[in-house]
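Visitor: Please give me a close look at a single part of this model. Set it in its surroundings as you go.

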Amino acid sequence: MQNLPRLPDGRLEERFEPAKPPYDPAEAITEANRCIYCVDAPCIRACPTGIDIPTFIRKISTENVKGAARTILSENLLGYSCSRVCPVEALCVGACVYNAWERSPIQIGRLQRFATETALATTPMSALVRPRKAATGKRVALIGAGPASVAAAGWLALDGHTAVVFDRKAFGGGLNALGIAPYKMQGNDAIQEMEWVAALGDVRFELGQGVDAARLAQLVDDFDAVFIGIGLGADSALGVPGEHGPGVYGAVDLVERLKSDPSFAVDAPHGAVVVGGGNTALDIAHELAVLGVTEVTLAYRRGRAAMSGYAHELDAARKDGVRLLEDAVVTEVQRGADGEVTGVRVARAEGGRAVAGTEWTLATSLVAVAIGQGRVTSLVEGLAGVQVDAKGRVVVDAATHRTGHPKVWSGGDCVNGGKEVVNAVQEGKLAARDISRALGGA
Ligand code: SF4
């Protein structure tokens with residue numbers, strides 16, 4: 001089995017407590033016994049990977065924990081991390097029939113964590129999924145080691161293929177290891193899951209291996225199929241004076257540093273301003289507040305109703321002290337004599353645009369910019385038949401995740417523009433299924 005490098009000790013991430021502690025067996029059975037095992041259960045329809053939720057919950061209630069894990073993993077090889085990082089309030093838990101009765105919905109995510117974590121602590125994943133097929137001799141290269149590629153590699157391995165996953169970073173897992181809010185899941189848990197998946201068959205991770213366009217073309221020639229799971233690019237910039245320099249961070253970069261870099265410290269004696277209204281903005285604002293930054297302001301250019309971030313995440317961030325500033329546009333980052341951030345100029349916004357003459361100064365020591373990420377699809381544009389749409393997303397067939405190139409499939413954020421881990425996992429599964437059909441291993 002391949003041992004993957006772990007994130008080092010001494011990172012800020014380690015200071016966070018879990019927002020949802022794991023259930024003990026008695027708690028899990030009590031919660032499982034509340035489920036009424038609905039026919040045509042809405043929770044299943046709300047799960048992007050289609051896990052048979054009432055069945056796994058029933059198995060927990062009868063103390064068949066391995067059976068519950070089998071039910072979960074048969075649809076979702078990353079069912080462990082999904083149990084921790086899925087926005088269940090907007091998916092399965094949000095769809096539970098108990099909501100309509102104004103009663104607390106079944107805590108499906110916590111039950112899923114209990115089943116997978118308990119079973120995988122004593123049993124290899126290979127004993128909890130279908131048997132591996134005979135080796136086919138076919139080799140698949142996967143570019144990017146995020147959840148789409150990890151899921152695809154696992155299913156390909158079970159179909160008897162060799163899967164080689166390349167990632168330019170020293171640590172695997174992509175955003176599942178380096179981008180998840182630490183109070184949901186810590187990076188080394190995602191890396192542990194990658195090892196479980198890799199042990200399903202012939203899966204190898206080549207970390208610290210950047211793939212450029214020339215290398216990609218070579219991999220397409222050398223391998224029987226290629227899966228592109230490269231995610232999104234660098235954080236977008238505000239494009240305002242004073243932005244470039246110490247104290248201003250892209251939000252994804254900032255989260256990655258506090259999760260992976262032991263030398264990184266947050267120094268914000270005069271507070272932090274987070275710019276954006278999506279879930280990345282909510283996560284980093286919440287994380288800064290939990291780390292003890294005294295004044296954390298979330299500046300959003302429209303009103304709360306227009307925010308793409310989940311309402312439950314905003315509520316949780318506000319409980320920990322994050323202040324929401326609606327209809328506010330940051331127009332400048334101000335710096336002191338030594339270049340340190342001292343504040344931002346903020347204008348009142350109408351329709352998302354700054355209104356001239358309305359600016360005021362907000363003192364701050366740190367600015368985090370969470371207004372989206374660029375695209376890295378230039379990597380694939382040289383491959384004949386691979387198309388990129390006007391939004392910079394790789395174009396695939398929705399059912400098979402095939403691109404227009406006969407040997408290239410794609411999935412995850414580079415295709416969907418940035419959705420949840422569970423969407424990437426499902427897209428990796430669909431692609432793997434079709435790759436196996438094409439290679440004759442299905
Ligand atoms: Fe159980 Fe709720 Fe799903 Fe019904 S909707 S099966 S009660 S978890």
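Guide: Start with the contacts (heavy atoms within 4.5 Å). Of those in the protein between residues at least 6 apart in sequence, 71% join residues at least 24 apart. The model is predicted: local features need pLDDT of at least 70, side-chain atom pairs count only at pLDDT 80 or more, and totals for chains, interfaces and linings use all residues. Residues are numbered from 1 along each chain as its sequence is written, and side-chain values use heavy atoms, with hydrogens and water left out.

The protein has 16 helices and 14 strands. These are DSSP runs numbered from the N terminus: helices are H or I with at least four residues, strands are E with at least two. The C-alpha trace spans about 70 × 55 × 40 Å along its principal axes. The radius of gyration is 22 Å, which agrees with the value near 22 Å for a compact globule of 442 residues. That radius is taken over C-alpha atoms, and the globule rule is 2.2 Å times the number of residues to the power 0.38. Of the 442 residues, 54% are buried. Buried means under 20% relative accessible area, exposed over 50%, and partly exposed in between, with a 1.4 Å probe and protein chains only.

Now the part itself: helix H7, residues 108-122. Its 15 residues should span 21 Å at 1.5 Å a residue; the end C-alpha atoms are 22 Å apart, which agrees. The expected span is 1.5 Å times one less than the number of residues.

Which residues of H7 are buried? They are Ile-108, Gly-109, Leu-111, Gln-112, Arg-113, Phe-114, Ala-115, Thr-116, Ala-119 and Leu-120.

Arg-113 deserves a stop. Its place is in helix H7. Arg-113 counts as buried because its relative accessibility is 11%. What does Arg-113 touch, not counting residues up to four places away in sequence? The list is Lys-20, Pro-21, Pro-22, Tyr-80, Ser-83, Arg-84 and Thr-118.

Most residues other than glycine have a negative phi. Glu-102 counts as exposed, at 75% relative accessibility.

Glu-63 also has a positive phi without being a glycine, at about 65°. Glu-63 sits in the loop between helix H3 (53-61) and helix H4 (65-73). At 62% relative accessibility, Glu-63 counts as exposed.

For another helix, take H12, residues 251-260. Eight of its ten residues are buried, so H12 is largely enclosed by the rest of the structure. The buried residues are Ala-251, Val-252, Leu-254, Val-255, Glu-256, Leu-258, Lys-259 and Ser-260. They pack against helix H9 (175-178), helix H10 (187-198), strand S5 (248-250), helix H13 (279-290) and S13.

S13 (366-369) leads on to a further loop, between that strand and strand S14 (408-410), where Lys-391 is found. Lys-391 counts as exposed, at 57% relative accessibility. The C-alpha atoms of Lys-391 and Gly-417 are separated by 7.9 Å; the two residues are 26 apart along the chain.
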